[in-house]
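Dear colleague,

Please find below the structure that I am handing over to you. My findings follow directly after it.

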Amino acid sequence: MIFTVAIDGPAAAGKGTLSRAVAERFGFAHLDTGLLYRAVGAKVAGGAEPEAAALALQPADLAGDHLRTLEAGQAASKVAALPGVRAALVQFQRNFARREGGAVLDGRDIGTVICPEAEVKLFVTATPEVRAHRRWLEVGGDEARVLAEVRERDARDMGRADAPLAAAADAVVLDTSTLDIETVVGQALGIITARLRETR
Ligand code: C5P
């Protein structure tokens, strides 16, 4: 069975929690595509050339807590604006999306560019304040700085020319500003279950 769930949205909207719940419930493989850009950003910070770093990316490069920091997120969104970096990562993501057994991918352009044919497209969002508060609970430090970082990354991700962050026209928008994540997970599982029945 080929079945892709595309989950897009801005930073700290709840994509990771939702994707992991979907993967666990349906036994789908999960790819956090932000990690690809974070890993490239880390290599570039270490002196590598962006496109070459993207082409040479290995599974082992995607592990490590150093990829989870605010700085790694900023470095990721800078290299993610480079068309050569994005192009280098497309085929791997497409193959992952259409692998046998089902897949869930979370990112910014999964439903729009990587897999427009995805059987389910979800766009998870929340206000910048709510997202910054969640991220601050994870990383600590100064909450105002986390909010500034979220806004800066949103502006760069939405404003870039190549594959900007946007909901696909046929995506279901889930707003986690006021709903708790368990409720949103429940809604998403319902949507996917219904679509699986239709495609069988
Ligand atoms: O999702 P995460 O916060 O880990 O993503 C880090 C950065 O990588 C994003 O801010 C965005 O610039 C970039 N990204 C992207 N396309 C994706 C996933 C992430 O441009 N599919």
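D170 counts as exposed at 52% relative accessibility, where exposed means over 50% relative accessible area, buried under 20% and partly exposed in between (1.4 Å probe, protein chains only). Its salt-bridge partner is K121, the closest N and O atoms being 3.1 Å apart; K121 is buried, with a relative accessible area of 8%. A salt bridge here is a side-chain nitrogen of Lys or Arg within 4 Å of a carboxyl oxygen of Asp or Glu.

This is a predicted model, in which local features need pLDDT of at least 70, side-chain atom pairs count only at pLDDT 80 or more, and totals for chains, interfaces and linings use all residues. Residues are numbered from 1 along each chain as its sequence is written, and side-chain values use heavy atoms, with hydrogens and water left out.

By the salt-bridge rule, the count comes to 15. One of them joins the side chains of R145 and E71 (3.0 Å, N to O). R145 lies in helix 8 and E71 in helix 4, so this pair ties together parts that are 74 residues apart in sequence; helices are DSSP runs (H or I, at least four residues), numbered from the N terminus. R145 is partly exposed at 47% relative accessibility, and E71 is partly exposed with a relative accessible area of 47%.

K43 and D61 also meet through their side chains in a salt bridge (3.4 Å, N to O). K43 lies in helix 2 (residues 34-45) and D61 in the loop between helix 3 (50-55) and helix 4 (70-79), so the pair ties together parts that are 18 residues apart in sequence.

Yours sincerely

Conventions
Helix = DSSP H or I, 4+ residues; strand = E, 2+ residues; numbered from the N terminus.
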